[in-house]
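This report walks through one protein chain. The sequence and model come first, and the notes follow.

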Amino acid sequence: MKKTHILAIAVIAIAIGIIMSAAGDASVYVSFKEARERAAEGNRTKVHVVGRLPRDNQKNIMGLEYNPTLDPNYFAFTLVDTNRIAQRVIYFNPKPQDFDKSEQVVITGAMRNDIFVADKILLKCPSKYVETEVKGATAAVN
């Protein structure tokens, strides 16, 4: 075999190894029901769940639990997924900035007993530009 053939086979083997390791770390988007079913089967892989925060009439988030003076690395809240299933979520890190302003939340983690333990929280915040502000804005010229 030529050296170029050996080099090509080595490059292909490395590429396959990278793809396989990336595919093993990938998680899927599921509902809380599916996350519970996976946990009941013993499947401990991480999943993504998309949901909204339940709010009262004054637009305050219900079920929020965070006391930074007592424990800054314990943050708990209730999330309602796309199938309208409410689930208690615990995040062992500080509360993300602008969490109260978010419209939609994506959490990554796994079910443990009856609680979803999140490793990551991604927030979808409302646009900082409002339609009326955009129409009235003009660019400054120097």
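Arginine 112 touches Arg44 and Val117, leaving out residues up to four places away in sequence; contact here means heavy atoms within 4.5 Å. Arginine 112 is found in strand β6. With a relative accessible area of 47%, arginine 112 is partly exposed. The cut-offs are: buried under 20% relative accessible area, exposed over 50%, partly exposed in between, with a 1.4 Å probe and protein chains only.

The model is predicted: local features need pLDDT of at least 70, side-chain atom pairs count only at pLDDT 80 or more, and totals for chains, interfaces and linings use all residues. Residues are numbered from 1 along each chain as its sequence is written, and side-chain values use heavy atoms, with hydrogens and water left out.

**Overall layout**

The chain has 3 helices and 7 strands. Along the sequence the pattern reads α-β-α-β-β-β-β-β-β-α. Helices (H or I, at least four residues) and strands (E, at least two) are DSSP runs, numbered from the N terminus. Of the 142 residues, 25% count as buried. Among contacts with a separation of 6 or more, 51% come from residues 24 or more positions apart.

**The core**

The largest nonpolar core has 19 residues. Such a core is a set of buried Ala, Val, Leu, Ile, Met, Phe, Trp, Tyr and Cys residues joined through side-chain atoms within 4.5 Å. Phe77, Leu79, Val89, Phe99, Ile107, Phe116 and Ile121 have the most contacts inside this core. At least two core residues come from each of α2 (32–40), β2 (47–52), β4 (75–81), β5 (86–91), β6 (104–112) and β7 (115–124).

Take valine 89. Beyond its neighbours within four places in sequence, valine 89 is in contact with Phe32, Phe75, Ala76, Phe77, Leu79, Ile107, Phe116 and Ala118.

Strand β5 also holds glutamine 87. Is glutamine 87 buried or exposed? Glutamine 87 is buried, because its relative accessible area is 4%. Its side chain makes a polar contact of 2.5 Å with the side chain of arginine 36. A polar contact is a pair of N or O atoms within 3.5 Å; within protein, one must be able to donate a hydrogen and the other to accept it, and residues adjacent in sequence count only if both atoms are side-chain atoms. With neighbours within four places set aside, glutamine 87 is in contact with residues including Phe32, Arg36, Phe77, Met111 and Phe116.

**Aromatic pairs**

Rings of Phe, Tyr and Trp (its six-membered ring) pair if their centres lie within 6.5 Å; planes under 30 degrees apart count as stacked, over 60 as edge-to-face and the rest as tilted. The count comes to 6 aromatic pairs. One of them is tilted: tyrosine 74 and phenylalanine 92, at 6.0 Å centre to centre and 55° between the planes. This pair links distant parts of the chain, 18 residues apart. Tyrosine 74 sits in the loop between β3 (65–66) and β4, and phenylalanine 92 in the loop between β5 and β6. Ring pairs also link Tyr66, Phe75, Phe77 and Phe99 into a cluster.

**The cavity**

The structure holds 1 cavity of 30 Å³ or more. The largest cavity has a volume of about 40 Å³. Its lining is Ala35, Arg38, Asn43, Thr45, Val47, Ala110 and Met111. The elements giving two or more residues to this lining are α2 and β6. On a 1 Å grid over the protein atoms alone, a cavity is a set of points where a 1.4 Å probe fits but cannot get out, and lining residues have an atom within 4 Å of a point. Grid points are joined across faces, edges and corners, and a volume is the space filled by probe spheres set on the points.

**Positive phi**

Most residues other than glycine have a negative phi.

| Residue | Phi | Loop | Relative accessibility |
|---|---|---|---|
| Lysine 59 | about 70° | between β2 and β3 | 62% |
| Asparagine 113 | about 60° | between β6 and β7 | 76% |

Lysine 59 counts as exposed, and asparagine 113 is exposed too.

Definitions and conventions
1 Å grid on protein atoms, 1.4 Å probe; cavity = no way out; pocket = protein on both sides within 12 Å on 5 of 7 lines; lining within 4 Å.
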